[in-house]
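Please look over the sequence and the structure shown here before reading on.

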Amino acid sequence: MSIGLYIHVPFCIKKCLYCDFISYPLSGRAVKSYLASLVGEINLYGSALADEDKIITSIFFGGGTPTTLPAGSFKIVLDAVRSSFVLTAGCEVTVEANPGAIDGAGLAGLRQAGVNRLSIGVQSFHDRLLHVLGRVHSAEQAVQAVQLARKAGFDNLNLDFIFGIPGQTNHDWRETLHQAVEMAPEHIAAYGLQLEEGTPLAQAVERGEICACPEETEITMYRDTIAFLTAHGYSHYEISNFAGPGRQCAHNLLYWLNRPYLGLGPAAHSLIKGVRFANDISLAGYSAKLSREEYPVENKIRLSAADEMSETMFLGLRLTGGVDLDRFYRRFGRRAEDIYRHEIEGLSKKGLLEMSAGHLRLTAKGLPLANIVFREFV
Ligand code: SF4
């Protein structure tokens, strides 16, 4: 069984105002303990898994802010991965990078360690909107980050953007899209801002200090994104993701195709052989368990066949190509069209789903309303 490897790096320079990911303030001591524990976790799985379960097709360092790690860390971690697992030829190795935590030497270090894809969190080319989000970098730093990445030899770049930011106009968003395309990244991800409960930004909106972006504006921005990026040669292959030819993100495709992955680091999630498990979210708890050579796992559930089928549907529908119905049948021995007949008929009547050439997919009308569709399959 081949798997993807996700490595969570739980440090950020400063918490962004919209973020509810697990991340902790950066400190030399915490980073040292984290790195030692992470290598321990890699070794633990390396000695426990059967050879056929250690074939890695993609590695993704996410966070947090992976590029806050000291130079040399990626080499240590990737060397440990190479000693314990088998990387397939051309294995995609992505690192998420924050323009406020990136420099030429660090990028050269990433290349030397074997990182071949960089995902830069630009979010916006307008400083006032970056300020609303509480990002630590300016638009100019984002431009420089892309230039530095090219100089370091990265030929596979993703740029992440957010639309629907309070105070953002359609004009602002179009300007950001234009500038993004001018930089010619191989991949672009554009997400509508989620106001996550409890985050400072959501609280400011609740208190009426900031106005949330109206839903109609956000839908217009989303439709503009699809029209603009596809007109500029990017294929729209997932709700929020656009790729140049042959540049789809192999790692994220694993998730959308509901294939196995192993998550390492605090708070990382895994899905292996129908079992979903999550690591301890605290740095201390994670490191303590590994110091005793125990798995740092906090909770574990075996998915039922119904769970797996449901996840295969709502994850697969994220792809614009949709759910491959024959593949579903080969995997589960049952037809999605029979199991979800009622849901498929109802959503098709509303014009949100369509079936063609053996695939069930969201329609153009269904794409911005994807969450309503997914709920029917949960
Ligand atoms: S850099 Fe990313 S992970 Fe860190 S606080 Fe900001 S959004 Fe969250």
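Where is the place of alanine 184? Alanine 184 sits in the loop between helix H6 (170-182) and strand S8 (187-192), where helices (H or I, at least four residues) and strands (E, at least two) are DSSP runs numbered from the N terminus. This is a predicted model, in which local features need pLDDT of at least 70 and side-chain atom pairs count only at pLDDT 80 or more, while totals for chains, interfaces and linings use all residues. Residues are numbered from 1 along each chain as its sequence is written.

Most residues other than glycine have a negative phi, and most peptide bonds are trans. Alanine 184, however, has a positive phi near 50 degrees, and with 12 C-beta neighbours inside 10 Å it counts as exposed. A cis peptide bond, with omega about 20 degrees, joins glycine 63 and glycine 64, and glycine 64 lies in the loop between S4 and H2.

## Surroundings of the ligand

Glycine 63 and glycine 64 are both among the residues that surround the ligand, together with Cys12, Lys15, Cys16, Cys19, Phe21, Ser23, Thr65 and Asn98; a residue is near a molecule if its C-beta atom, placed from the backbone, lies within 6 Å of it. By class, this shell has 4 nonpolar, 5 polar and 1 charged residues, where Ala, Val, Leu, Ile, Met, Phe, Trp, Tyr, Cys and Pro count as nonpolar, Asp, Glu, Lys and Arg as charged, and the others, Gly among them, as polar.

In H1, the buried residues are Tyr34, Ser37, Leu38, Glu41 and Ile42. Seen down the axis of H1, they fall within an arc of 145 degrees, so they line one face of the helix; the arc is that of the directions from the helix axis to the C-beta atoms. The face turned away from this buried side carries the exposed residues Gly28, Arg29, Lys32 and Ser47. The cover over the buried residues of H1 includes H2, strand S11 (261-264) and helix H10 (283-291), with contact meaning that the C-beta atoms of two residues, placed from the backbone, lie within 7 Å.

In H2, Ser73, Phe74, Val77, Leu78 and Val81 are buried. They cover an arc of only 115 degrees around the axis, which puts them on the same side of H2. These residues pack against strand S1 (2-9), helix H1 (28-48), strand S4 (55-63), strand S5 (86-97) and helix H3 (104-113).

## Nonpolar cores

The largest nonpolar core has 77 residues, and those with the most contacts inside it are Leu5, Ile120, Ala149, Phe161 and Ile188; such a core is a set of buried Ala, Val, Leu, Ile, Met, Phe, Trp, Tyr and Cys residues joined through C-beta atoms within 7 Å. Helix H5 (residues 139-151) gives the most to this core, with 6 residues. Apart from it lies another core, of 16 residues, among them Tyr340, Leu347, Leu360 and Leu362.

Note on methods
Buried ≥ 20, exposed ≤ 12 C-beta atoms within 10 Å, placed from the backbone.
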